[in-house]
Amino acid sequence: QVQLVESGGGMVQAGGSLRLSCAASGRTFSGSAMGWFRQAPGEERVLVAAISRSGDRTHYADSVEERFTISRDNAKNMGYLQMNNLKPDDTGVYYCAATVPFEGGAAVVLRPGLYDYWGQGTRVTVSS
């Protein structure tokens, strides 16, 4: 079992920055692929960014490319999402997710249904 706790959300004006953190506990985090998802009011949860187990591969949604950076520190069991030049469309609840640990490959996992563990979410509100 992996427990995930997000932090770092808040209210910011357009053009501002936030850094989200995801603290993982329980099973070996370094063996899990990780992702950040956003859910806006009345909408489905969508992938924002994903990172492989070792951190050497990343994937970003087109809408956040070159503005957001996903990273992880396996030694600290931490994941991060640096969000720069925030826009009102970035508003929503951000969730950290992780897969069960697996061996082999440097895959990024894109589909929310393939993630096994989810945090409780942290709210980000960007005003214009």
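Predicted model: local features only at pLDDT ≥ 70, side-chain atom pairs only at ≥ 80, totals over all residues.
**View 1. Cys-22 and Cys-96 are joined by a disulfide.** A disulfide is a covalent bond between the sulfur atoms of two cysteines. The structure holds 1 of these links, and here the two sulfur atoms sit 2.0 Å apart. Cys-22 belongs to strand E3 (residues 18–26) and Cys-96 to strand E9 (residues 92–98), so the link ties together parts that are 74 residues apart in sequence. Look at the S-S bond itself: the angle about it is -70°, making the link left-handed. Are these two cysteines buried or exposed? Both Cys-22 and Cys-96 are buried.

**View 2. Four strands line up in an open sheet.** Reading across, the order is E1-E3-E8-E7, and the pairing is antiparallel. Which strands form the edges? They are E1 (2–7) and E7 (68–73), each of which pairs on one side only. From one strand to the next, the twist averages 15°. Zoom in on E7 and you'll find 6 bridges joining it to strand E8 (residues 78–83).

**View 3. Phe-37, Tyr-115 and Trp-118 make up one aromatic cluster.** The structure holds 3 aromatic pairs. How about burial? Phe-37 is buried because its relative accessibility is 0%, and Tyr-115 is buried at 5%. Trp-118, at 28%, counts as partly exposed.

**View 4. Two arginines lie over aromatic rings.** Arg-45 is over the face of Tyr-95, 3.7 Å from the ring centre. Arg-72 lies over the face of Phe-29, at 4.4 Å from the ring centre.

**View 5. Ser-128 is found in the segment after strand E11 (122–127).** Why does Ser-128 count as exposed? Its relative accessibility is 84%, and the cut-off for exposed is over 50%. Leave aside the neighbours within four places in sequence, and Ser-128 is in contact with Ala-14 and Pro-88. Now find Tyr-80 again: it is 48 residues from Ser-128 along the chain, and their C-alpha atoms are separated by 25 Å.

Key. Residues numbered from 1 in each chain as written. Heavy atoms only, no water. Disulfide = S-S within 2.5 Å. Helix = DSSP H or I, 4+ residues; strand = E, 2+ residues; numbered from the N terminus. Buried < 20%, exposed > 50% of the residue type's maximum accessible area, 1.4 Å probe, protein only. Pairing = 2+ DSSP bridges. Axes fitted to C-alpha atoms, helices over the stretch in contact; angles between N-to-C directions. Contact = heavy atoms within 4.5 Å. Phe/Tyr/Trp six-rings, centres within 6.5 Å; stacked < 30°, edge-to-face > 60°. Lys NZ or Arg CZ within 6 Å of the ring centre and 35° of its normal.
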